[in-house]
Amino acid sequence: MPSTLLALNWKMNKTPTEARSWAEELKEKYAPAEGVELAVMAPALALSTLAANLPAGVAFGGQDVSAHEAGAYTGEISAAMLKDVGAAYVVVGHSERREYHGETDAVVAAKAKQAQANGLVPIVCVGEKLEVRERGEHVSSTLAQLRGSLADVGEDVVVAYEPVWAIGTGKTATADDAEEMGAAIRGLLAEQYGEKAADIRVLYGGSVKPDNIAEICGKPNVDGALVGGASLKVPDVLGMNDAL
Ligand code: PEP
């Protein structure tokens, strides 16, 4: 059984100074929960500060990575750069990147491969928009997206199911919705990775908070959460960590 992953996504929030205060507050109050891994996905500029100030055992990572190794890609951050500051993870294919930066499944897969080639574990995000769910096509659509996003990607990966209509909206999928998709995703992972699929963590993301995390992550095919809004305040993070 893999450990439960509580992955935090700060999005474009927190300066390095604010990140330092957050990490110091966490260090003061954090007690590891058994079987739970905590990881903070922060803006690239805050990562060195996190490396120096997070409590022992808390991992961190980036929110995006270049699909290229190095070179003339102005403004991009490479996987080697993330690895060099101590990152363990990187989020790829978040719906905000797909929506605002036109990232396709092929680009997401290229980024995931680049991450793995540099020793990072990619957290590959997938999930349907509201109109797709209303048509009842959420499972087939999300699995098609996942198939494309995992093309030629190795098994050292985390999958995050994040229905777009639940991200930052306060609308949470029910625990049964999360489990339905978690089980479908697990089936696809088993086709692609065989027995190794059992060790791949499948997260749910979308308005997760201290008061709903336990029910959602209590489902057999939900191995943790990717949390945006509720990751910004340390008391909420401690509440979620303790609830798992
Ligand atoms: C996210 O950013 O991945 C996310 C799930 O955000 P929120 O928890 O705010 O819905």
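Reply: Lysine 11 counts as partly exposed because it has 18 C-beta neighbours inside 10 Å; on this scale a residue with 20 or more other C-beta atoms within 10 Å of its own is buried, one with 12 or fewer is exposed, and one in between is partly exposed, with the C-beta atoms placed from the backbone. This is a predicted model, in which local features need pLDDT of at least 70, side-chain atom pairs count only at pLDDT 80 or more, and totals for chains, interfaces and linings use all residues. Residues are numbered from 1 along each chain as its sequence is written.

Lysine 11 is found in the loop between β1 and α1 (16-29), whereas asparagine 9 lies in strand β1 itself, which covers residues 4-9. Helices (H or I, at least four residues) and strands (E, at least two) are DSSP runs, numbered from the N terminus. Asparagine 9 is buried, because 26 other C-beta atoms lie within 10 Å. Leaving aside residues up to four places away in sequence, asparagine 9 touches Met41, Gln63, Val91, Leu226, Val227, Gly228 and Ser231, where contact means that the C-beta atoms, placed from the backbone, lie within 7 Å.

Both residues belong to the UniProt annotation "binding site", from an unreviewed entry, which covers Asn9, Trp10, Lys11, Gly168, Ser207, Gly228 and Gly229. Although these residues are spread over 221 residues of sequence, they cluster in space, with a largest C-alpha distance of 13.7 Å. The UniProt positions are given in the numbering used here, the feature names are shortened, and the annotations may be inferred rather than shown by experiment.

Turning to the ligand, 14 residues surround it, and the closest are Ile167, Gly168, Gly205, Gly228 and Gly229; a residue is near a molecule if its C-beta atom, placed from the backbone, lies within 6 Å of it. By class, this shell holds five nonpolar, seven polar and two charged residues, where Ala, Val, Leu, Ile, Met, Phe, Trp, Tyr, Cys and Pro count as nonpolar, Asp, Glu, Lys and Arg as charged, and the others, Gly among them, as polar.

The protein chain averages a pLDDT of 97, and 100% of the residues score at least 70, pLDDT being the predictor's confidence in each residue, from 0 to 100. For the complex, the predictor gives an ipTM of 0.98 and a pTM of 0.97.

How values were computed:
Contact = placed C-beta atoms within 7 Å.
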